[in-house]
Amino acid sequence: MERPKKTVRGFTVSRRCDDCGAKITIAIDEGDKCTLKCSQCGKEYRFYYKS
Ligand SMILES: [Zn+2]
């Protein structure tokens, strides 16, 4: 089993795409903000960390 991916801040990416249910991978990880992208349909999910 593949280990869940984590962002710089330690956020574990384990969710799936709302549209197609495919795995979401980390596209951009800049610490305070990261962009997750569906590996199948390309839908992007943005996350921001508040300090
Ligand atoms: Zn998708």
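Colleague: Thr-35 is found in strand S4. What makes S4 a strand?

Modeller: Strands are DSSP runs of E with at least two residues, and helices are runs of H or I with at least four, numbered from the N terminus. Strand S4 covers residues 33-38, and Thr-35 is part of it. Please note that this is a predicted model, in which local features need pLDDT of at least 70 and side-chain atom pairs count only at pLDDT 80 or more, while totals for chains, interfaces and linings use all residues. Residues are numbered from 1 along each chain as its sequence is written, and side-chain values use heavy atoms, with hydrogens and water left out.

Colleague: Why does Thr-35 count as buried?

Modeller: Buried means under 20% relative accessible area, exposed means over 50%, and partly exposed lies in between (1.4 Å probe, protein chains only). Thr-35 has 9% relative accessibility and therefore counts as buried. Leaving aside neighbours within four places in sequence, Thr-35 is in contact (heavy atoms within 4.5 Å) with Thr-25, Ile-26, Ala-27, Ile-28, Glu-44, Tyr-45 and Arg-46.

Colleague: Which class does Tyr-45 belong to, buried or exposed?

Modeller: Tyr-45, found in strand S5 (residues 44-48), has a relative accessible area of 8% and is therefore buried. Beyond four places in sequence, the contacts of Tyr-45 include Cys-17, Ile-24, Cys-34 and Leu-36.

Colleague: What makes the arrangement around the zinc ion tetrahedral?

Modeller: Donors are N, O and S atoms within 2.8 Å of the metal (3.2 Å for Na, K and Ca). The SG atoms of Cys-17, Cys-20, Cys-38 and Cys-41 coordinate the zinc ion at 2.3 Å. Four donors count as tetrahedral if all angles lie between 85 and 135 degrees. Around the zinc ion the angles are 98 to 120 degrees, so the arrangement is tetrahedral.

Colleague: How are the donor residues of the zinc ion spaced in sequence?

Modeller: Their spacing is C-x2-C-x17-C-x2-C. Cys-20, in the loop between strand S2 (12-13) and strand S3 (24-29), and Cys-38 in S4 are 18 residues apart, a pair that links distant parts of the chain. Cys-20 is partly exposed because its relative accessible area is 36%, whereas Cys-38, at 5%, is buried.

Colleague: How many residues has the largest nonpolar core?

Modeller: A nonpolar core is a set of buried Ala, Val, Leu, Ile, Met, Phe, Trp, Tyr and Cys residues joined through side-chain atoms within 4.5 Å. The largest one has eight residues: Val-13, Cys-17, Ala-22, Ile-24, Cys-34, Leu-36, Cys-38 and Tyr-45. S4 gives the most to this core, with three residues.

Colleague: Why does Thr-7 count as buried?

Modeller: Thr-7 has 6% relative accessibility, so it counts as buried. Its place is in the loop between strand S1 (5-6) and S2. Not counting residues up to four places away in sequence, Thr-7 touches Val-13, Ile-26, Asp-29, Cys-34 and Tyr-49. Thr-7 and Cys-34 are 27 residues apart in sequence and 7.7 Å apart in space, C-alpha to C-alpha.

Colleague: Which class does Glu-30 belong to, buried or exposed?

Modeller: Glu-30, in the loop between S3 and S4, has a relative accessible area of 52% and is therefore exposed. Lys-23, in the loop between S2 and S3, counts as partly exposed because its relative accessibility is 45%.

How values were computed:
Four donors count as tetrahedral if all angles lie between 85 and 135 degrees; four count as square planar and six as octahedral if opposite donors are over 155 degrees apart and all others between 65 and 115; anything else is irregular.
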